[in-house]
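Morning, everyone. Please have a look at the screen.

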Amino acid sequence: FIGLTLLLSFVIDTLFRAGALWGDTLRPRLAGSISTLLAALPLWLVTWRPVQSAALAADDAGDHARRSLVRKSYLYLVIFATVIGGMVSGVMLAYQLLNAVLSRNLTSDFTSTVLNLLQVLILFVAFLVYHFTALRRDGGQAASALQARHEKFPVLVFEQNGSGFAAALVESVQKAAPGVPLAIQSVEQGIPDAADGAQMVVLSSSLALDPPEALRLWLKDYQGRKVIVPVAGQGWVWSGGIPRNGAAQVAQIIRQAAEGQEVRVAPGASAWQVVAYVFAILFAVQLAFLLFSLGISLVVR
């Protein structure tokens, strides 16, 4: 980016800046831009192209590359930098144009200054579009891969008639992992023939504590994962309490298992965590305003 900016700036100043001297000004800038490109461009091609090729692959290695924390951090960092840089260069360009219109006095270097700011803005926008497109492509391909994983993870939910346990669970699973095949089975109707093909079984705590004999024997031989959702029951007290969002937690467990992740039951956020999130958001907003103010101050000065 710096090499392209310097090279385009050299071309603009050569064509439009009056009084620019070759030996004192233009030649060092041309040498600096070309040397920067010769050093940075091969390095970028050597590192970025293999990473991008791996991310475009449709296999498991490509899925792992697209979900890499390093890749996501790089893309988000570049997008953030290009947005801030584009805002600053856009403000500086608008300042030069408005100042020329209001003052009706064009300086000798007005054309070269405006063209330099314009080329910087265009480069920022081009880099932003390129990396944002790469990020969106990663998201689309990752969503397709996850959809395929979800479709291969059937879940069986056992429910007692009239309990209403499955209704809230189905709604939560449709939000967290809509592609997961979810089958509802009433225990009064026995064990379905396709039950052995289920990757996970979900049942309420009341049913798990007092299952019918057929269900108890089947669960004993079942080799898949079993998830029990605590529900309120007369005479039963859970030491951890009854979760208010039990269906949502089960939906997250199903999603993690379907995607091959380690199943983790996230505890409820504490008051200190909420405070930390609020301060982090305030710090991010303050940092954005600080960078914007810095750009404005550079223009005014």
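I will take a few residues in turn, helix by helix.

First, the ground rules. This is a predicted model: local features need pLDDT of at least 70, side-chain atom pairs count only at pLDDT 80 or more, and totals for chains, interfaces and linings use all residues. Residues are numbered from 1 along each chain as its sequence is written, and side-chain values use heavy atoms, with hydrogens and water left out.

Start with helix α6. It covers residues 165–176, and S172 sits in it. Helices here are DSSP runs of H or I, at least four residues, numbered from the N terminus.

Is S172 buried or exposed? It counts as buried, because its relative accessibility is 17%. Buried means under 20% relative accessible area, exposed over 50%, partly exposed in between, with a 1.4 Å probe and protein chains only.

What does S172 touch? Leaving out residues up to four places away in sequence, its contacts are A247, A248 and A251. Contact means heavy atoms within 4.5 Å.

Stay in helix α6 for A166. A166 has 4% relative accessibility, so it counts as buried. Its contacts, again without residues up to four places away in sequence, are V157, E159 and I184. Now look at L203. It lies 37 residues from A166 along the chain, yet their C-alpha atoms are separated by 8.9 Å.

Last, helix α4, residues 69–103. V88 is placed there. V88 is buried, at a relative accessible area of 19%.

Key: Helices (H or I, at least four residues) and strands (E, at least two) are DSSP runs, numbered from the N terminus.
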